Amino acid sequence: MVEAMLICISREFGSGGHEIGKRLAKILGYSFYDRELVTEAVQRSNIPHEVLTNVDEKRENPWLYSVVYDAVDQNLRGISASEAMFRIQSAVILEMAQQGSCIFVGRCADDVLKKAGIDQIISIFITAPFSDRVQRKMELLGEEEKAATVLVRRMDKQRKSYYNYYTGKDWGKPYNYDLCSNSSPLGIEKTAEVLAALIEKMEKA
């Protein structure tokens, strides 16, 4: 039985990965980190808030990107804002992982932890049919179908590029994850409950 369990969730845009992760953390009594990783990264540097938030989970454009010159950490100076954000968030992820069982959403957390030699990880990929994801974003954001379709495609492309670049793996490919779940058949809450039951069994194994 492990002392702590680390859950890393990757997700297609509109699949409900954030909500599932948050619900899962509540059921299991784990700490939860998603946008909190952005907040923590901003607090740990004197890099302007808007600079870091604008590059969260984004790979830098090789032809057009901002360079950090005023970071407190000299190792962050002279590199792209995207790279600085990734390094800061990776350090935060490793620190939070030492504090007990928790759930990380995105930010290549699974790869960051594995490269640090941390083994007690369960990596999960949350997916859903494209049409369902578009519909969900239409309802949540009040967008028209055309705008929601463009947004879902753009965000999926962005997340894929980011994950592939920093991990060298293929985002969304089942063989890169321990569990893959389609959130549409059961819905957000039930999907989280089923995953929680599986994780609890793994904890007791």
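This is a predicted model: local features need pLDDT of at least 70, side-chain atom pairs count only at pLDDT 80 or more; totals for chains, interfaces and linings use all residues.
Student: Leaving aside its neighbours within four places in sequence, which residues is L37 in contact with?
Tutor: Contact here asks for heavy atoms within 4.5 Å. With neighbours within four places in sequence set aside, the contacts of L37 are Q89, V92, I93, F104 and R107.

Student: How far apart in space are L37 and Q98, C-alpha to C-alpha?
Tutor: Along the sequence, 61 residues separate L37 and Q98. In space, their C-alpha atoms are apart by 15 Å.

Student: Now for S82: does this residue count as buried or exposed, and why?
Tutor: S82 belongs to helix α4, which covers residues 81–97. The cut-off for buried is under 20% relative accessible area. Since S82 has 5% relative accessibility, S82 counts as buried.

Student: Which residue's backbone oxygen does the side chain of S82 reach?
Tutor: Leaving aside neighbours within four places in sequence, S82 is in contact with V55, K58, R59, E60 and Y166. For one of these there is a polar contact, a pair of N or O atoms within 3.5 Å. At 3.3 Å, the side chain of S82 reaches the backbone oxygen of K58.

Student: Stepping back, why does the radius of gyration of the protein chain agree with a compact globule?
Tutor: The protein chain has 205 residues, and a compact globule of that length would have a radius of gyration near 17 Å. The C-alpha atoms fill a box of roughly 45 × 45 × 25 Å along the principal axes. The radius agrees with the globule because the value for the protein chain is 17 Å.

Student: Among contacts between residues at least 6 apart in sequence, what percentage join residues at least 24 apart?
Tutor: As background, the pattern along the sequence is β-α-β-α-α-α-β-α-β-α-α-β-α. Of contacts between residues at least 6 apart, the share joining residues at least 24 apart is 68%.

Student: How far apart do the centres of the positive and negative side chains lie?
Tutor: The protein chain carries 27 positive and 29 negative side chains. The centres of these two sets lie apart by 3 Å.

Conventions:
Residues are numbered from 1 along each chain as its sequence is written. Side-chain values use heavy atoms; hydrogens and water are left out. Helices (H or I, at least four residues) and strands (E, at least two) are DSSP runs, numbered from the N terminus. The radius of gyration is taken over C-alpha atoms; the globule rule is 2.2 Å times the number of residues to the power 0.38. Lys and Arg count as positive and Asp and Glu as negative; His and the chain ends are not counted. The place of a charge is taken as NZ of Lys, CZ of Arg, CG of Asp or CD of Glu. Buried means under 20% relative accessible area, exposed over 50%, partly exposed in between (1.4 Å probe, protein chains only). A polar contact is a pair of N or O atoms within 3.5 Å; within protein, one must be able to donate a hydrogen and the other to accept it, and residues adjacent in sequence count only if both atoms are side-chain atoms.
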